[in-house]
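This report describes selected features of one protein model. The sequence and structure come before the details.

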Amino acid sequence: MEIRRIPRRVRPFLLAGLVALVVLALVAMAAAVALSRVRVLTEQRLTERMVDVALWSPALGRRTTVRLLLPLAYEDRPQARWPSVYLLHGCCDDYLSWTRSTDIEELSATSDVLVVMPDGGRAGFYSDWLDGPGWETFHTVELPALLADRYRSNDRRTVAGISMGGLGALGYTARHPGQFLAAASFSGIVHTRRSPDESRAYLGLLRSQDEHPYRLWGAPTVDAAIWAPHNPYALAPRLTAVPLFVSVGDGRPGPLNPDGAEDPIESSLLAENEALQERLTQVRANATFDFYGPGSHDWPYWERALHRAWPLLTDAL
């Protein structure tokens with residue numbers, strides 16, 4: 001019997017195909033393992049569309065909660081699977097913030113999407129800590145597996161976040177290619193190493209929440225190799241494959257807080273976002289920038305930014 005050899009020019013394509021199959025198999029195995037370990041503890045239906053799901057997360061080593069807004073047709077189409085928009089909260093807040101402080105329930109009513117609002121820790125920084133909780137594993141492995149199994153989500157997702165959540169939205173998109181099809185950052189922490197003072201400020205933020213600052217990414221200088229892959233500015237070359245929306249104010253009182261005071265947090269974040277804008281432009285990212293001038297680090301501006309970004313987040317789905 002004649003044994004035919006595979007032509008040399010065909011071998012690279014076969015190898016690429018085998019690698020792709022192995023990667024898909026590993027992803028499926030990881031999702032299955034995650035799903036087998038995450039446990040739903042309670043489920044509370046708050047409105048026709050709003051559901052709070054309390055979970056036990058092995059990655060976190062504790063209980064946590066995610067708030068969902070179901071699509072309007074969720075009950076009428078029991079066989080349908082739904083794309084998701086993830087909304088990430090900022091520092092010193094929790095999963096309640098988006099429905100408490102924006103009109104997301106009304107805004108999303110006409111969109112056939114599952115809105116996912118997970119807890120991210122008061123200062124979790126959307127990362128797997130060197131010594132502490134695995135927020136990133138929870139959000140990118142455990143939670144998607146659970147939502148697919150129990151709430152009929154599909155594999156099409158977009159993500160947006162405010163402040164610390166902006167860091168999470170851009171960081172997750174860069175570190176997990178293909179998981180999110182568009183990303184938006186509103187007044188986001190996007191350049192944690194812009195200056196030594198900037199890095200020290202984030203260490204101080206961790207201390208303010210009773211966390212040991214070096215348990216997150218270590219020390220900014222000694223552990224620079226750990227800080228870098230959690231810094232959206234450094235990840236800019238990995239953010240070219242999806243549409244981005246980046247917005248920020250300049251800290252001056254604006255139309256939504258005309259009687260307010262200067263906001264040093266927003267003005268500092270403006271400098272970070274300006275640096276990110278320059279870097280994303282250099283790498284030719286598909287980014288929309290909304291640097292709207294006067295405006296403070298507060299929800300009225302983030303709600304407006306959410307409305308402006310919503311078409312980008314939903315069109316990608």
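## Second largest pocket

The lining of the second largest pocket comprises 11 nonpolar, four polar and three charged residues. In this classification Ala, Val, Leu, Ile, Met, Phe, Trp, Tyr, Cys and Pro are nonpolar, Asp, Glu, Lys and Arg are charged, and the others, Gly among them, are polar. The model is predicted: local features need pLDDT of at least 70, side-chain atom pairs count only at pLDDT 80 or more, and totals for chains, interfaces and linings use all residues. Residues are numbered from 1 along each chain as its sequence is written, and side-chain values use heavy atoms, with hydrogens and water left out.

The volume of the second largest pocket is about 370 Å³. Its lining has 18 residues, and Ser163, Tyr202, Leu205, Ile265 and His297 lie nearest the centre. Two or more lining residues come from each of helix 6 (196–208) and helix 9 (264–282); helix 9 gives the most, with five residues. A pocket here is an open set of points on a 1 Å grid over the protein atoms alone, where a 1.4 Å probe fits, with protein on both sides within 12 Å along at least five of seven lines; lining residues have an atom within 4 Å of a point. Grid points are joined across faces, edges and corners, and the volume is the space filled by probe spheres set on the points.

## Overall composition

The protein has 10 helices and nine strands. Helices (H or I, at least four residues) and strands (E, at least two) are DSSP runs, numbered from the N terminus. Of its 317 residues, 51% count as buried, where buried means under 20% relative accessible area, exposed over 50%, and partly exposed in between (1.4 Å probe, protein chains only). Among contacts (heavy atoms within 4.5 Å) between residues at least 6 apart in sequence, 70% join residues at least 24 apart.

## Aromatic pairs

The structure holds 11 aromatic pairs. Rings of Phe, Tyr and Trp (its six-membered ring) pair if their centres lie within 6.5 Å; planes under 30 degrees apart are stacked, over 60 edge-to-face, and the rest tilted. Tryptophan 98 and tryptophan 299 form an edge-to-face pair, 5.2 Å centre to centre with 85° between the planes. Tryptophan 98 is in helix 2 and tryptophan 299 in helix 10 (residues 299–315), so this pair ties together parts 201 residues apart in sequence. Both tryptophan 98 and tryptophan 299 are buried.

Tyrosine 126 and tyrosine 172 also form an edge-to-face pair, at 6.0 Å centre to centre and 80° between the planes. Tyrosine 126 is in the loop between strand 5 (114–118) and helix 4 (135–150), and tyrosine 172 is in helix 5 (residues 164–175), so the pair ties together parts 46 residues apart in sequence. Both tyrosine 126 and tyrosine 172 are buried. One aromatic cluster is formed by Phe125, Tyr202, Trp217 and Trp227.

## Loop between strand 4 and helix 2

Cysteine 91 sits in the loop between strand 4 and helix 2 and is buried, at 18% relative accessible area. Beyond four places in sequence, cysteine 91 touches Arg122, Ala123, Met164 and Leu205. Cysteine 91 and phenylalanine 125 are 34 residues apart in sequence and 7.9 Å apart in space, C-alpha to C-alpha.

Aspartate 94 is in the loop between strand 4 (82–88) and helix 2 (97–101). With 25% relative accessibility, aspartate 94 counts as partly exposed. Neighbours within four places aside, aspartate 94 is in contact with His89 and Asp119. A polar atom of the aspartate 94 side chain lies 3.0 Å from the backbone nitrogen of leucine 96.

## Buried strand residues

Serine 84, in strand 4, is buried with a relative accessible area of 1%. Not counting residues up to four places away in sequence, serine 84 touches Leu114, Val116, Ser153, Arg156, Arg157, Thr158 and Leu317.

Threonine 64 belongs to strand 3 (residues 62–69) and is buried, at 3% relative accessible area.

## Positive phi

Most residues other than glycine have a negative phi. Arginine 152 has phi near 60°, a positive value; arginine 152 lies in the loop between helix 4 and strand 6 (153–162) and is buried, at 14%. Aspartate 210 also has phi near 60°. Aspartate 210 lies in the loop between helix 6 and helix 7 (214–217) and counts as exposed, at 74% relative accessibility.

Methods: Polar contact = N/O pair within 3.5 Å; in protein donor to acceptor, adjacent residues only side chain to side chain.
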